[in-house]
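Trainee: Hi! Could we go through this one together? I'd like to start with the packing inside.

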Amino acid sequence: MGFAQLVIGPAGSGKSTYCSSLFQYCEKIGRTIHIVNLDPAAESFNYPVAMDIRELINLDDVMEELGLGPNGGLMYCMEHLEDNLDDWLEEGLNNYLDDDYLVFDCPGQIELFSHVPVLRNFVDHLQRKNFSVCGVYLLDSQFMTDVTKFISGCMASLSAMIQLELPHVNILSKMDLVTKKRNIEDFLNPEPQFLLSELNKRMDPQFTKLNKALIELVDQYSMVSFVPLDLRKESSIRYILSQIDSSIQYGEDADVRIKDFDPEDDE
Ligand SMILES: Nc1nc2c(ncn2[C@@H]2O[C@H](COP(=O)(O)OP(=O)(O)OP(=O)(O)O)[C@@H](O)[C@H]2O)c(=O)[nH]1
Ligand SMILES: [Mg+2]
């Protein structure tokens, strides 16, 4: 049984920074995780890269040889990864058999987790290999300045959740940049009624019914919940990790072992 986090979210939302902070935290507490780079366009890393899509395929070559731009080139690279996933994963995983907790640092192109099946197929493959996978969706707190942006962020996250069908943890990143804490707190665990009235205030009356439907949708999927990530605080990353771990049942075996352990058995 393996465990994995699929770290997704819009471009620049802080995915790679989250991965490196998670790595540092785990190193500090003596826990082994391996970070896998899935972004063919990434150039530098603040974490040791355990496996790297760039070893499989080179984005510049793809763009040049196929005459594609950066986004088309990326899609091609991801599809190439999909076609070669079996061998690539097999080879990589053979190196890490004992402690297989993988964190996949994904590219930020939104189509990868909204309507193109590449990541979905990737996840299916991991699951067939007996991995318990969590989708970790990062949203930049800087954009959570009003209700319309919040709803739009929820919708993007919801489309990833529906597309991937994974346990899903939403993270509001870059909390250190938030100056008006109160405004953000409104959006961490908001009441649907609050969102609806804010949305109605912002929009023309002709959208009242649409607003209601949107809020109901978000509410039904119990989506309206974000965990704040403040990288200055170790407690913040510890809490996020514990939420993700429990969503994929990581560490539950260990708990059982501790509970089952009875010192008197030794006597
Ligand atoms: N202040 C602050 N800046 C952050 C934080 N997380 C990320 N950043 C900055 O935001 C920018 C983007 O961060 P990345 O971690 O590269 O974001 P990403 O989601 O991996 O971006 P792509 O891979 O391009 O999609 C960088 O300049 C980071 O230094 C944070 O918690 N606080
Ligand atoms: Mg990145």
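Trainee: Which residues does Val136 touch, not counting residues up to four places away in sequence?

Mentor: Keep in mind that this is a predicted model. Val136 touches Gln5, Leu6, Val7 and Ile8, and also Val169, Ile171 and Ile244.

Trainee: And what is Ile171 in contact with, leaving aside its neighbours within four places in sequence?

Mentor: Val136, Tyr137 and Leu138 are on the list, along with Phe226, Val227, Leu229 and Ile240. As for where Ile171 sits, it lies in strand β6, residues 168-173.

Trainee: Why does Ile171 count as buried?

Mentor: Ile171 has 25 C-beta neighbours inside 10 Å, and the cut-off for buried is 20 or more.

Trainee: How far apart are the C-alpha atoms of Ile171 and Ser247?

Mentor: They are separated by 14 Å, and the two residues are 76 apart along the chain.

Trainee: Back to the packing, then. Which residues have the most contacts inside the largest nonpolar core?

Mentor: Leu6, Val7, Val103, Phe104, Val136 and Ile171 have the most, in a core of 58 residues. Domain 1 (2-189 + 225-259) and domain 2 (192-222) both contribute residues, so this core lies between them.

Trainee: Which residues are on each side of it?

Mentor: On one side of β4 you have Tyr101, Val103 and Asp105, and on the other Leu102 and Phe104; both faces are covered.

Trainee: How many bridges join β1 to β4, and do those strands run parallel or antiparallel?

Mentor: β1, residues 2-8, is joined to β4 by 5 bridges, and the two run parallel. Within that pairing, Ala4 has Leu102 as its bridge partner.

Trainee: And how many bridges join β2 to β4?

Mentor: There are 4 bridges between β2, residues 34-37, and β4, and these strands run parallel too. Here Val36 stands opposite Phe104.

Trainee: Last topic, the ligand. Which residues come nearest to ligand 1?

Mentor: Of the 15 residues around ligand 1, those are Gly14, Lys15, Ser16, Thr17 and Gly108. Helix α1, residues 15-28, gives the largest share of the shell, with 3 residues.

Trainee: How do the residues of that shell divide into nonpolar, polar and charged?

Mentor: The shell around ligand 1 has 8 polar, 4 charged and 3 nonpolar residues.

Technical notes:
Residues are numbered from 1 along each chain as its sequence is written. Chains are lettered from A and ligands numbered from 1 in the order in which they are written. This is a predicted model: local features need pLDDT of at least 70, side-chain atom pairs count only at pLDDT 80 or more; totals for chains, interfaces and linings use all residues. A residue is buried if 20 or more other C-beta atoms lie within 10 Å of its own, exposed if 12 or fewer, and partly exposed in between; C-beta atoms are placed from the backbone. Two strands pair if DSSP finds at least two bridges between them. A residue is near a molecule or strand if its C-beta atom, placed from the backbone, lies within 6 Å of it. Ala, Val, Leu, Ile, Met, Phe, Trp, Tyr, Cys and Pro count as nonpolar, Asp, Glu, Lys and Arg as charged, and the others, Gly among them, as polar. Two residues are in contact if their C-beta atoms, placed from the backbone, lie within 7 Å. A nonpolar core is a set of buried Ala, Val, Leu, Ile, Met, Phe, Trp, Tyr and Cys residues joined through C-beta atoms within 7 Å. Domain bounds come from an automatic or database domain assignment.
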